[in-house]
Amino acid sequence: MGIGDKIASILADCLSSIPYLQVLDLSDNNLTDQGLSELLTSASKHKEIEILDISNNIIGINAANALGAYLANPACRLYCLRLRDANIDDTECANICSVLKHNTCLKELDLSKNLLGKEVVVVVVVVVVAV
């Protein structure tokens with residue numbers, strides 16, 4: 001069942017008040033683009049998160065843009081990002097990967113079981129290897 005977008009919005013509002021948050025596992029929570037974009041915007045202000053798992057939710061263009069902004073933030077400390085089976089297509093993946101060359105912390109990226117074409121997978125590999 002998961003928390004859904006309504007509870008995600010409430011969680012996003014109070015996320016910054018949770019101290020020492022290093023792991024944020026929101027996987028399989030019935031979240032859509034709206035709920036994820038709110039949570040990602042809020043999480044990007046939390047400087048201690050090192051592991052983020054938003055697998056098995058629906059990442060759309062807004063959440064992909066919020067995630068891209070999060071990864072582009074110089075204060076981002078994420079070293080593990082799990083996006084398994086998150087309905088990510090080529091456009092959303094391109095938005096996310098365009099900032100990876102500037103992120104020096106991310107060491108693990110799981111994009112398995114998404115809607116990616118072969119050309120985008122090659123671009124992801126090139127960007128990740130370059131980092």
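Three bridges connect strand β2 (residues 51-53) with strand β3 (residues 80-82), and the two strands run parallel. Within this pairing, L52 stands opposite L81 of β3. Two strands are said to pair if DSSP finds at least two bridges between them. Helices (H or I, at least four residues) and strands (E, at least two residues) are DSSP runs, numbered from the N terminus.

The model is a predicted one, in which local features need pLDDT of at least 70 and side-chain atom pairs count only at pLDDT 80 or more, while totals for chains, interfaces and linings use all residues. Residues are numbered from 1 along each chain as its sequence is written, and side-chain values use heavy atoms, with hydrogens and water left out.

**Confidence**

The term pLDDT denotes the predictor's confidence in each residue, from 0 to 100. The protein chain has an average pLDDT of 87, and 89% of the residues score at least 70. Among the elements of the chain, β2 has the highest mean pLDDT (98), whereas helix α5 (residues 118-130) has the lowest (50). Where pLDDT is low, the predicted coordinates should not be read in detail.

**The sheet**

An open sheet is formed by four strands in the order β1-β2-β3-β4, with parallel pairing. Its edge strands, β1 (23-25) and β4 (108-110), each pair on one side only. From one strand to the next, the twist averages 0°.

**Salt bridges**

Side chains of opposite charge can pair when their charged atoms come close. A salt bridge is a side-chain nitrogen of Lys or Arg within 4 Å of a carboxyl oxygen of Asp or Glu. The structure holds two of these.

| Pair | Closest N and O atoms or N to O distance |
|---|---|
| R77 and E50 | 2.8 Å |

R77 forms a salt bridge with E50. R77 lies in the loop between α3 and β3, and E50 in the loop between α2 (33-43) and β2, so the pair ties together parts that are 27 residues apart in sequence.

E50 is buried at 18%. R77 is partly exposed at 38%, as are E108 at 36% and R82 at 28%.

**Helices α1 and α2**

Helix α1 (residues 4-14) packs with α2 at an angle of about 10°, their axes being 8 Å apart. Axes are lines fitted to C-alpha atoms, for helices over the stretch in contact, and angles run from 0 to 180 degrees between N-to-C directions. The two helices, α1 and α2, are therefore roughly parallel to each other, a label given to angles under 35 degrees. Residues D5, A8, S9, L11 and A12 of α1 meet Q34, G35, E38, L39 and S42 of α2; contact means heavy atoms within 4.5 Å.

Helix α2 is largely enclosed by the rest of the structure, because eight of its 11 residues are buried. The buried residues of α2 pack against α1, β1, β2 and α3.

**Residue L71**

L71 belongs to helix α3 (residues 61-72). L71 is buried, with a relative accessible area of 1%. Leaving aside neighbours within four places in sequence, L71 is in contact with C76, L78, L81, I96, V99, L100 and N103.

Key:
Buried means under 20% relative accessible area, exposed over 50%, partly exposed in between (1.4 Å probe, protein chains only). Angles under 35 degrees count as roughly parallel, over 145 as roughly antiparallel, 65 to 115 as roughly perpendicular and the rest as oblique.
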